[in-house]
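Subject: Structure handover

Hello,

Here is the structure I promised to pass on. Please open it first, then read my notes below.

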Amino acid sequence: MRYLQILKIAFKALAKNKMRSGLTMLGIIIGVAAVIAMVGIGAGAKNMVNAQIASLGENLLTIFPGSQSAGAFHGGAGSRTTLTEEDARAIKDNCSAVVAVSPVVRSSAQVVASNQNWGTSVEGYSTDFTQIRSWPLAAGSFFTNQDVSGATKVCILGETVVDNLFPGQDPVGEIIRVKKLPFKVIGVLIPKGQNAMGHDQDDLIIMPYTTVQKKIAGITHVNSIIVSAMDKSKMDLATSQISELLRVRHKIQPGQDDDFTVRSQLDVATAVNSTSSVMSILLGAIASVSLIVGGIGIMNIMLVSVTERTREIGIRMAIGAKSRDIMIQFLSESIVLGLIGGIIGILVGVLSARLISAILHWPVLTSGLAIAVSFFFSGIVGVFFGFYPARKASLLDPIEALRYE
Amino acid sequence: MAELITIENLAKTYKLGDYEIHALRGINLSIRNGEFVAIMGPSGSGKSTLMNILGCLDRPSGGKYFLDGIDVSSLNRDSLAEIRNKKIGFVFQSFNLLSRTTAIENTELPLLYNGDSTKEKAAKARRALNMVGLEGRENSFPNQLSGGQQQRVAIARALINSPAIILADEPTGNLDTRTSIEVMEIFQALNEKGITIVLITHELDIASYAKRDIAFRDGKIVKDEMIAKPKIAKNELLLMPPIEEEA
């Protein structure tokens, strides 16, 4: 087909000056690479956060003391003492949409084992922890209800604590000292690694909440309560049941603010997702500017090219090329520049995303959709920015063009 | 011999700012198949303008131009392009070859815009190059060829679509004497085969190889006569002193 041959001519023309073609494509390459890398990083982060939120436990609700406006975000900060284990028990007994409830008591302590020493967080839960938090044990067993009622000094270690106190050994059955008190290690949690905020999730010990209250922190309230709803669809119902119950228990009058906050993981997930979506779009938009600059580069070079080849265009027209033939010839060149720039940009983008992932340990998710859209847009840029020069070429007067020096 | 070109009252006027330039003032001309016409005249006489109109590169301001029976004067750009491709072969003073393209690719060029893409393109181009005596030089680039050889490639290109007429605008203008006569030899050989040739020149010497002499002045034809005894290029070359060997 005649136009296929014209396309071949366009390729040849670009290949004749590889340096110029390469430099022209640079804008597109950078633009596409940036879009792919940034969207990939954004998607990876979003994915990781979502996975972590899911890994904390499906259908998880967290109840904090203090109303929302009082900044009840940090579970351990509580100078508030309004939540109690009785609240937790009442929720379990009365809220039908709830299947498991655990009080949460947090502290920190120096932990000593033979000659090793490590400062870590101490978290106290009820036996419902396993049901709520989907955190299986790597070794040993969990504590029992007897341990909770008796506030026994037993504990389960996170991987980081094991690495520091019992490097290379099995800690189950060993005795460690927490705040100078002897504790028996009855289990080890499977490692979870760093969370999205960079916090080491394995740097903790878990024990019955009663033990933390009485033996470690010396308090009678709880820092928060974690609740597992029946399923995702019952989250809202669980929230309202809990709120109603606590308002009654805490004797809050109608019209008064709650003295607690019920936060659902679903809300957290939604909030994070929308934030990261906005971030991704923003990054993508900024990177797209580079694509436009690349397109302007193409238009610029094509205009120069058309002027340089005025004589050639005149010759082609003299021997029978129609306006359309000339137009397609030059448009092909700009489209090829755009598409090849796009392909190279996609490769560079995917590679740099992998590189960033490897160096910074950020998760990166390169989506096929981003690649397809980028390829498509690089073609569009070629068409759009190549149109004016190609049209200019096609409208040249052959006699004038032949006279051009 | 049928009439290939009929021109009736052809006029061309250019506007240059406020001025009107009457390049052609009511030309009447007919050229038959197989003729070999030389058009002479000083610059500004209108001969180049006529050539552009004959070659369908330009449209007249008035009058009619019939090429092979078709009224070409009112056709649109695209149709004119087709006629240029199929019925006309151009030869220019400065050769006008594509510089980073080989001889055979240059020759093939009109076939690209032919509408039909044949694998025979290379074969046709080779035949055309043979006809002008350039076998063996198919893959040379223009900067590797002498002026005379480049002009031969241009002639081969002009021939490739078997046009009705070859239009040559000062084809020997950039060539030395001997090479000019060699080119005229090619033209005469083509004319013997029945190809109609119209060439513009300002050299009386070159015009004397043609069979008909038309003179232009101020946009009008002032002389139109047959040449009784055209010079024969083949013979002239034999009469010329042998080429001196380069030291």
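Start in chain B. In strand β9(B), the bridge partner of B:A38 is B:D213. Keep in mind that this is a predicted model.

Strand β3 (residues 36–40) of chain B and strand β9 (residues 212–217) of chain B are joined by four bridges. The two strands run parallel. β3(B) also has a partner in strand β8 (residues 196–200) of chain B. Again there are four bridges, and again the strands run parallel. Here B:V37 stands opposite B:V198 in β8(B).

Is β3(B) mostly covered or mostly open? It is mostly covered, as five of its five residues are buried. Look at the two faces in turn. In a regular strand, side chains alternate between the two faces of the sheet. On one side of β3(B) sit B:F36, B:A38 and B:M40. On the other sit B:V37 and B:I39. Both faces are covered, and these residues are all buried.

**The sheet**

Now zoom out. The strands of this open sheet of chain B come in the order β6-β7-β8-β3-β9-β10. That is six strands, with mixed pairing. Which strands stand at the edges? They are β6 (88–91) and β10 (220–226) of chain B. Each has a single partner strand, so one side of each is left without a neighbour in the sheet. Neighbouring strands of the sheet are turned by 15 degrees against each other on average, direction ignored.

**Chain B as a whole**

Chain B has eight helices and 10 strands. Its radius of gyration is 18 Å, close to the 18 Å that the globule rule gives for 247 residues, so chain B is as compact as a globular protein of that length. Along the principal axes, the C-alpha atoms of chain B fill a box of roughly 55 × 45 × 40 Å. Of the 247 residues in chain B, 44% are buried. Take the contacts in chain B between residues at least 6 apart in sequence: 69% of them join residues at least 24 apart.

One residue of chain B deserves a look. B:F95 lies in the loop between β6 and α3 (103–112) of chain B. B:F95 is not a glycine, yet its phi is positive, about 65 degrees. Is B:F95 buried or exposed? It counts as buried, with 22 C-beta neighbours inside 10 Å.

Chain A is divided into two parts: domain 1 (2–52 + 271–403) and domain 2 (67–258). The C-alpha centres of these domains of chain A lie 55 Å apart.

Seven of its nine residues are buried, so α10(A) is largely enclosed by the rest of the structure. Among the buried ones are A:I313, A:I315 and A:M317. What covers the buried residues of α10(A)? The cover includes α11, α12 (368–394) and α13 of chain A, together with α2 (77–87) and β6 of chain B. After α10(A) comes A:G320, whose phi is positive, near 125 degrees.

First, A:S102. This residue sits in strand β2 (residues 98–113) of chain A. A:S102 is buried, with 26 other C-beta atoms within 10 Å. Leaving aside neighbours within four places in sequence, its contacts include A:A88, A:Y125, A:F129 and A:I226. A:S102 and A:R89 are 13 residues apart in sequence and 8.5 Å apart in space, C-alpha to C-alpha.

Then, A:K251. Look for A:K251 in the loop between α8 (235–249) and β10 (260–264) of chain A. A:K251 has a positive phi of about 55 degrees, although it is not a glycine. Why does A:K251 count as exposed? The cut-off is 12 or fewer other C-beta atoms within 10 Å, and A:K251 has 8.

Best wishes

Note on methods: Residues numbered from 1 in each chain as written. Chains lettered and ligands numbered in written order. Predicted model: local features only at pLDDT ≥ 70, side-chain atom pairs only at ≥ 80, totals over all residues. Rg over C-alpha atoms; globule rule 2.2 N^0.38 Å. Buried ≥ 20, exposed ≤ 12 C-beta atoms within 10 Å, placed from the backbone. Contact = placed C-beta atoms within 7 Å. Domains from an automatic or database assignment. Pairing = 2+ DSSP bridges. Axes fitted to C-alpha atoms, helices over the stretch in contact; angles between N-to-C directions.
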